[in-house]
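I opened my notebook to look at charged pairs and surface patches. Here is what I looked up.

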Amino acid sequence: DYAFRVAIVQVTDLGEFVELETLAGPVDWQPSRDAALRLAARLGLEQSERRSYLELLLERDSAT
């Protein structure tokens, strides 16, 4: 099992995000990713966002 840090983050001009974080090495990154996806499903989180907040802000600004 993995220990996760769960944080709710409010990003100005983007909205709220839930971050799930754990530590994993090169050997166990896949099982830790699978555990994170299971946790997200249990929490009812349906969308995954891998881009950084900066990337999201830049994309939003370039679309306007």
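My entries follow, and the model I read them from is predicted.

**Entry 1: salt bridges.** I asked how many salt bridges the structure holds. The total is six. I noted the general idea too: side chains of opposite charge can pair when their charged atoms come close.

**Entry 2: Arg5.** I looked up the bridge between the side chains of Arg5 and Glu19, which is 3.4 Å from N to O. This pair links distant parts of the chain. Arg5 sits in strand E1 (residues 5-11) and Glu19 in strand E2 (residues 15-21), 14 residues apart. Arg5 also has a salt bridge with Glu21, with the closest N and O atoms 3.1 Å apart. Glu21 is in strand E2 as well, 16 residues from Arg5. Arg5 has a relative accessible area of 42%, so I wrote "partly exposed". Glu21 is at 38%, and I gave Glu21 the label partly exposed too.

**Entry 3: Arg51.** Where is Arg51? I found Arg51 in the loop between H1 and H2. Its relative accessibility is 33%, so Arg51 counts as partly exposed. I found a salt bridge from Glu49 to Arg51, with the closest N and O atoms 2.6 Å apart. I then set aside neighbours within four places in sequence; Arg51 is in contact with Leu56 and Glu59.

**Entry 4: nonpolar patch.** I listed Val6, Ile8, Val18 and Leu43 as a nonpolar surface patch. Together they have about 370 Å² of accessible area. Leu43 lies in the loop between helix H1 (29-42) and helix H2 (53-63). Leu43 is partly exposed, at 46% relative accessible area.

Note on methods:
Residues numbered from 1 in each chain as written. Predicted model: local features only at pLDDT ≥ 70, side-chain atom pairs only at ≥ 80, totals over all residues. Heavy atoms only, no water. Patch = residues over 30% accessible without salt bridge, like charges linked within 9 Å, V, L, I, M, F, W, Y side chains within 5 Å. Areas by Shrake-Rupley, 256 points an atom, 1.4 Å probe, with all protein chains shown as cover. Salt bridge = Lys/Arg side-chain N within 4 Å of Asp/Glu carboxyl O. Helix = DSSP H or I, 4+ residues; strand = E, 2+ residues; numbered from the N terminus. Buried < 20%, exposed > 50% of the residue type's maximum accessible area, 1.4 Å probe, protein only. Contact = heavy atoms within 4.5 Å.
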